[in-house]
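My notes follow in the order I took them.

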Amino acid sequence: MDTLRFGATYFKLTLGRLCQQRWLLAGLALLCLLLPLGAGQAANTLLSRGVDFHGVTLAISAPEGDGVPQMLEQFMGDMEDIAQYCRIVSMDEEAALSALERGEVTAVLALPENFIRGVMWGENPDLRLIVAGDRPLESLLLLWVGQSACDILSAFQSGVYAVLDLYEEAPPPGLDREDVVLDINLRYISLAVDRTDMFRTEEISATRTLPVPLHYALALISYFALSAAPLFVPVYSGDWLRPQRRLRAAGRGTAAGYWSGVLAGMVFLLPLLLPALLLAGGGEPLSLVASALGMALYCSLFSSVCCLAARSVAGCGAAAFTISLASLALAGGIVPPVLLPGPMGQLSGLSPVTWLMELAARPMGICQVSASAWAGLVLTGVGMAALALFLYRRRADSEEVGL
């Protein structure tokens, strides 16, 4: 009972010490309430609307008297998937180059003589694609389209050659080889035109599991809670630690002082996290309070390690900012998760922000906390508590010696 009374008294004193930071905490609360929600809506608008891209215009030219450009203009203009981003126009080469200089077309595709015949017979004549040097994005898109077309053409020609090899082995009576070449090419052209029926379109969210506004709101809430560590420096440094050695001499360990700081940090973080979670998505009240308490405990433990490992407020702020910002980036809180580089995306499950986001989203019924997130929260939480207790005792001894 005496131990509990001592702990309660120490907690009250620690809470009073933190109350001197009330204006900073009020500013952080305002930041946690407004910025995550605004950033979430802004990200949703940006990712839903996309970038301002109006497509490309490709001019196709061929030697005089060749009707292939006109045929391709009509044929490819009717293909909806290509027409969404590319407009085909037929021109003679001189007019096409002039249009390219004026910026009226994006690129010029110059076809050689007898292009169609060369493709059908496997000769694959060389093409010339002339692009504008000041439009790299459009040029890159055309390069990708050209590579995709080459892959399709290569696959189709493999099929054509396979059919012709079978024909050569046992030619059917009355079937001419030229008719076989024409028929099989027409069959593959038909497959190319109707290729959209071979695929199933699936829409993927840029943020995978969570809706875009909620994803960014929870990511920023978790980031701000982790980066609030410098606010708790007064209860982990200076004259606040100096009495600890004397208390140990009186039979009181350092655990009471340390856990008083952690609980006081929770008390100050909870009013920041709970209203922000309510505004972000709400959920079942008791479950929401439990998630907010878990987040507050984890962030308070993280703050204690940053405060005790650093020797100044600036050092604590730099450490907390660096770690929380790296965690935010790994969790897809800056660049959407689907756009993260492969290796970076695979490391997202190691981010504390990812764990806290899953914990925050659990009461909203959108996703469950994964086993890896629970393991990360528990293992790193216990590790931070053990490390912070060691640092707390060492800092208390050094402050006492410094008197």
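**Leu263 and its helix**

I started with Leu263, which counts as partly exposed because its relative accessibility is 42%; the class sits between buried (under 20% relative accessible area) and exposed (over 50%), with a 1.4 Å probe and protein chains only. I found Leu263 in helix H11, where helices are DSSP runs of H or I with at least four residues, numbered from the N terminus. I also checked its C-alpha distance to Ala296, 33 residues along the chain, and got 9.1 Å.

**Ground rules**

I'm working from a predicted model, so local features need pLDDT of at least 70 and side-chain atom pairs count only at pLDDT 80 or more, while totals for chains, interfaces and linings use all residues. Residues are numbered from 1 along each chain as its sequence is written, and side-chain values use heavy atoms, with hydrogens and water left out.

**Cores**

I looked up the nonpolar cores next (sets of buried Ala, Val, Leu, Ile, Met, Phe, Trp, Tyr and Cys joined through side-chain atoms within 4.5 Å). The largest has 60 residues, and Leu218, Phe232, Tyr236, Tyr258 and Leu277 touch the most other members. Among the helices that each supply at least two residues are H9 (212-226), H11 (255-280) and H16 (371-401). H12 gives the largest share, 12 residues. I noted a second, separate core of 11 residues, including Val56 and Leu109.

**Surface patches**

Patch members need over 30% relative accessible area and no salt bridge; like charges are joined within 9 Å, and nonpolar side chains (Val, Leu, Ile, Met, Phe, Trp, Tyr) within 5 Å. Areas are Shrake-Rupley with a 1.4 Å probe, and for residues only the protein chains shown count as cover.

My nonpolar patch has Ile204, Phe321, Leu325, Ile334, Val335, Val338 and Leu339, with about 620 Å² of accessible area together. Val335 is in the loop between H13 and helix H14 (342-346), and is partly exposed at 35%.

Asp176, Glu178, Asp179 and Asp183 make a negative patch. Asp and Glu count as negative, Lys and Arg as positive, and His and chain ends are not counted; I placed the charge at CG of Asp or CD of Glu (NZ for Lys, CZ for Arg). Asp176 is in the loop between H7 (136-169) and H8 (177-193), and is partly exposed at 42%.

**Salt bridge**

With a Lys or Arg side-chain nitrogen within 4 Å of an Asp or Glu carboxyl oxygen as the rule, I count 1 salt bridge. Arg102 and Glu104 form a salt bridge at 2.9 Å, N to O. Arg102 is exposed at 54%, whereas Glu104 is partly exposed at 47%.
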